[in-house]
Amino acid sequence: MQKALRLNDGHAVYLGLLAKKDGARRGYLSKRSSDNTKWHPKWFALLQNMLFYFENDSSSRPAGLYLLEGCLCDRAPSPKPKDALEKQHYFTVNFNHENQKTLELRTEDAKDCDEWVAAISHASYGTLATEHEGLMQKYLHLLQIVETEKTVAKQLRQQIEDGEIETERLKSEIAALLKDHERIQANQANMPNDDDIDIKKIKKVQSFLRGWLCRRKWKTIIQDYIRSPHADSMRKRNQVVFSMLEAEAEYVQQLHILVNNFLRPLRMAASSKKPPITHDDVSSIFLNSETIMFLHQIFYQGLKARISSWPTLVLADLFDILLPMLNIYQEFVRNHQYSLQILAHCKQNRDFDKLLKHYEAKPDCEERTLETFLTYPMFQIPRYILTLHELLAHTPHEHVERNSLDYAKSKLEELSRIMHDEVSETENIRKNLAIERMITEGCEILLDTSQTFVRQGSPGAFWPPPDLQKGLGAGQFLFLRLGGSGPELRKLKSCLLTDGHRGIAPVLSGAACHQAHGGIPWEKAPQSDRTRGSSERKAACCCCCCCSWLGG
């Protein structure tokens, strides 16, 4: 009969205390009793592949020991619904021994349960052996590295010692050479020489001639460069930059006068008890003038900083900073004509007109009106384009700034074209709306944004067809209405020429507008109007709208 395995009690107590102190996993778990009726809280400690449990965390002797080699540990469902409501988390340890009962444990924390399951699953002698083997391989590798480093350090020490020996040998040789040199100089000084004075004179003359030739050579080089095309381009380029600085200073001063002599005082006046102007009108007149002033003050300071580093004048980075912010000019230019109209309307108020004349009489204004200061920003973008054009004309193609300045010029020209198109479109809409307001019943044709204003004048200027000129007086034009019992001829006072779907529209204050269903071919229109249109306009027909009838 096989004898039972005996475990030394003292050894088990020692291992239990070691597990309690340095165990891989420690804490309270509830253990199911042997009769499967109750759960008892125990303090467990895991050491390698041994699981000890104590009555509590202060016990000095373990109450039991489980050998975990070859066991299977996994989460288990709650045996009773009541336990599920108490939020208990179960796991079991199945041993590979035939007569050993499954160990059932539980805890209140799901994370704690998962960590216990993971720790017990890895508690195996095979795992420990694998880890030990890996650690031993690392240890042997480190030993090899240490031995290699020792060998290299020994070689380096040997090289240092050899270098020190060689240094000492060279020092001794240098000292011997210095002594020999001093001895030779002392012997030469003691020897009498009659030619010393003549040799010194010759050397002095030679030194003078070498200096004169060197100065003459440098003078020739400098004169040749001054007369060279490159130097001439650089001088003209510097003149352009200095002129740009002066123009920018003048422009900043103009914006400063606009803001400080007009904008800010008018804002204060608009906040008075009896305001001569409203805040809305002030905003409409000046718009973003203050922002433009701040932008150019920064740009002017950057220009001054570049001038201080003359003759190295680098400007491309300044334009790189300025270009993204020049879009504020679009809104100002688009609003310019409207701001002048608002200003003219506000001048009809005597109080405002008197106040404005008081502002314009200040010495800083130099007898210039507010309209003049509002017009200055309109010319700034074209001025930059002209300046960059002159700057590029005197900048060599291999210059470091050539590409950047060319890019800035192209972006400014693109912005100028966009602003010009927006101003033309805005002015066209305003002219059409102004004419539409003069018509009593309105005119839907003029509300069409595709209609482009060409010119306005007497009907006779639009050259009616010869077969319709009979019976017309001077400065009158026939209108042909088709439909009904027959064509009806009527006379017009004034006409408006547009290039959209309707070509000729008569205009008169207080008149009605009637759309014509007939038309005048484009080739019968005046030559001055036909030359204005594009190929698409020439293919279209000019139709008539009547605003005022003369005669029956």
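## Around F319

Setting aside neighbours within four places in sequence, F319 is in contact with M244, F299, L388, L405 and A408, where contact means heavy atoms within 4.5 Å. This is a predicted model, so local features need pLDDT of at least 70 and side-chain atom pairs count only at pLDDT 80 or more, while totals for chains, interfaces and linings use all residues. Residues are numbered from 1 along each chain as its sequence is written, and side-chain values use heavy atoms, with hydrogens and water left out.

F319 also turns up in the largest nonpolar core, which has 56 residues; F262, F286, F319 and L326 touch the most other members. A nonpolar core here is a set of buried Ala, Val, Leu, Ile, Met, Phe, Trp, Tyr and Cys residues joined through side-chain atoms within 4.5 Å. Buried means under 20% relative accessible area, exposed means over 50%, and partly exposed is in between (1.4 Å probe, protein chains only). Helix α6 (residues 229-270) gives the most to this core, with 14 residues. Another core lies apart from it, with 19 residues, among them F44, F91, V93 and W116. As a bit of background, nonpolar side chains tend to be buried together in soluble globular proteins.

## The overall numbers

The protein comes to 16 helices and 16 strands. Those are DSSP runs numbered from the N terminus: helices are H or I with at least four residues, strands are E with at least two. Of the 552 residues, 35% count as buried. Among contacts with a separation of 6 or more, 62% come from residues 24 or more positions apart.

The accessible surface is about 35200 Å², and 55% of that belongs to carbon and sulfur atoms. Areas come from the Shrake-Rupley method with a 1.4 Å probe; for residues, only the protein chains shown count as cover.

H296 lies in helix α8 (residues 289-308) and counts as buried, at 0% relative accessibility. Beyond its neighbours within four places in sequence, H296 is in contact with E248, Y251, V252, L255, Y329, Q380 and Y384.

L356 sits in helix α11 (residues 350-360) and is buried too, with a relative accessible area of 1%. L356 and L266 are 90 residues apart in sequence and 8.7 Å apart in space, C-alpha to C-alpha. With neighbours within four places again left aside, L356 is in contact with F262, L343, K347 and L370. F262 is one of the residues that touch the most other members of the largest nonpolar core.

## Aromatic pairs

Rings of Phe, Tyr and Trp (its six-membered ring) pair if their centres lie within 6.5 Å; planes under 30 degrees apart count as stacked, over 60 as edge-to-face and the rest as tilted. By this rule there are 11 aromatic pairs. W43 and F54 make an edge-to-face one, at 6.1 Å centre to centre with 65 degrees between the planes. W43 is in strand β2 (residues 39-47) and F54 in strand β3 (residues 50-54), so the pair ties together parts 11 residues apart in sequence. W43 and F54 are both buried.

Y66 and F95 are a stacked pair, because their ring centres are 5.7 Å apart and their planes are at 15 degrees. Y66 lies in strand β4 (residues 64-67) and F95 in the loop between β6 (89-94) and β7 (103-107), so this pair ties together parts 29 residues apart in sequence. Y66 is buried at 14% relative accessible area, and F95 is buried at 11%. Ring pairs also link F44, Y53, Y66 and F95 into a cluster.

## Salt bridges

A salt bridge is a side-chain nitrogen of Lys or Arg within 4 Å of a carboxyl oxygen of Asp or Glu, and the count by that rule is 18. K409 bridges to E413, with the closest N and O atoms 2.9 Å apart. K409 and E413 both lie in helix α14 (residues 402-437), 4 residues apart, about one turn of the helix. K409 is buried, at 14% relative accessible area, whereas E413 is partly exposed at 27%. Elsewhere, salt bridges that share partners join R25, D112 and E115 into one network.

K236 and D232 also meet in a salt bridge (3.4 Å, N to O). Being 4 residues apart in helix α6, K236 and D232 are separated by about one helical turn. E366 and R368 form another (3.7 Å, N to O), in which E366 is exposed at 56% and R368 is buried at 19%.
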